[in-house]
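Subject: Structure for your review

Dear colleague,

Please find below the structure that I am handing over to you. My notes on what was found in it follow directly after.

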Amino acid sequence: TGNGICKCRVCECFPNFTGSACDCSLDTLPCMASNGQICNGRGTCECGTCNCTDPKFQGPTCEMCQTCLGVCAEHKDCVQCRAFNKGEKKETCSQECMYFNMTRVESRDKLPQPGQPDPLSHCKEKDVDDCWFYFTYSVNSNGEANVHVVE
């Protein structure tokens with residue numbers, strides 16, 4: 001496959017390649033998930049491709065989960081209690097919901113926009129009073145979670 005040389009009808013692979021036709025890359029970079037783990041910690045990297053061992057997860061780096069709660073739904077109760085002092089976690093807010101930095105903004109156009117270096121989720125969720133509220137959730141390179149919520 002161009003990743004080795006043929007000697008006496010046997011492939012001798014260049015460094016970082018293996019297999020009978022030198023078609024298996026030992027490079028794990030294509031398997032690196034956005035959290036810095038190989039295959040998101042939910043699979044093995046074989047020939048530069050993730051083999052997801054957790055059946056809920058799929059995709060090139062085992063990061064897609066169709067049945068998992070999304071980022072927005074996962075954090076909505078904590079954002080609601082921190083920003084508006086209401087919701088299901090109102091009573092336990094100070095124990096359960098202090099894991100992110102929160103910034104209030106005046107309007108939706110003041111929320112952080114895509115294009116920044118940290119992965120960013122824009123969220124629109126309903127509160128306990130059936131009203132919409134808007135926030136963004138991002139994690140920076142230091143692993144700190146940051147929430148911006150519209151007042």
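Cys-31 is buried, since its relative accessible area is 0%; buried means under 20% relative accessible area, exposed means over 50%, and partly exposed lies in between, computed with a 1.4 Å probe on protein chains only. Please note that this is a predicted model, in which local features need pLDDT of at least 70 and side-chain atom pairs count only at pLDDT 80 or more, while totals for chains, interfaces and linings use all residues. Residues are numbered from 1 along each chain as its sequence is written, and side-chain values use heavy atoms, with hydrogens and water left out.

Disulfides

A disulfide is a covalent bond between the sulfur atoms of two cysteines. Here a pair of cysteine sulfur atoms within 2.5 Å is taken as a disulfide, and the structure holds eight of them. I describe some of these below.

Cys-31 is joined by a disulfide to Cys-45, with 2.1 Å from S to S. The link of Cys-31 and Cys-45 has 70° about the S-S bond and is right-handed. Cys-31 lies in the loop between strand 4 (24–25) and strand 5 (43–46), and Cys-45 lies in strand 5, so the pair ties together parts that are 14 residues apart in sequence. Helices (H or I, at least four residues) and strands (E, at least two) are DSSP runs, numbered from the N terminus. Cys-45 has 24% relative accessibility and therefore counts as partly exposed.

Another disulfide joins Cys-39 to Cys-50, with 2.2 Å from S to S. This link of Cys-39 and Cys-50 is left-handed, with -100° about the S-S bond. The pair links distant parts of the chain: Cys-39 is in the loop between strand 4 and strand 5, Cys-50 is in strand 6 (residues 49–52), and the two are eleven residues apart. Cys-39 is buried, with a relative accessible area of 0%, and Cys-50 counts as buried at 12% relative accessibility.

Cys-81 and Cys-93 are also joined by a disulfide, with 2.0 Å from S to S. The torsion about the S-S bond of Cys-81 and Cys-93 is about 75°, so this disulfide is right-handed. Because Cys-81 lies in helix 1 and Cys-93 in helix 2 (residues 93–96), the pair ties together parts that are twelve residues apart in sequence. Both Cys-81 and Cys-93 are buried.

Cys-6 is in no disulfide, and the nearest cysteine sulfur, that of Cys-11, is 5.6 Å away. Cys-6 is exposed, with a relative accessible area of 58%. Cys-11 is in no disulfide either; the nearest cysteine sulfur to Cys-11 is that of Cys-22, 4.6 Å away. With a relative accessible area of 32%, Cys-11 is partly exposed.

Aromatic rings

The structure holds three aromatic pairs. Rings of Phe, Tyr and Trp (its six-membered ring) pair if their centres lie within 6.5 Å; planes under 30 degrees apart count as stacked, over 60 as edge-to-face and the rest as tilted.

The rings of Phe-84 and Phe-133 have centres 5.7 Å apart and planes at 75°, so this pair is edge-to-face. The pair links distant parts of the chain, with Phe-84 in helix 1 (residues 71–84) and Phe-133 in strand 11 (residues 132–139), 49 residues apart. Phe-84 counts as partly exposed at 26% relative accessibility, whereas Phe-133 counts as buried at 3%. Ring pairs link Phe-84, Phe-133 and Phe-135 into a cluster.

Tyr-99 and Phe-100 form an edge-to-face pair, with 5.0 Å centre to centre and 85° between the planes. Tyr-99 counts as partly exposed at 38% relative accessibility, and Phe-100 counts as buried at 3%.

Charges over rings

A charge sits over a ring if NZ of Lys or CZ of Arg is within 6 Å of the ring centre and within 35 degrees of the ring normal. Arg-82 lies over the face of Phe-100, at 4.5 Å from the ring centre. The charged end of Arg-108 sits over the ring of Tyr-134, 4.1 Å from its centre.

Domains

The chain is divided into domain 1 (4–64) and domain 2 (66–150), with bounds that come from an automatic or database domain assignment. The centres of domain 1 and domain 2, taken over C-alpha atoms, are separated by 35 Å.

Yours sincerely
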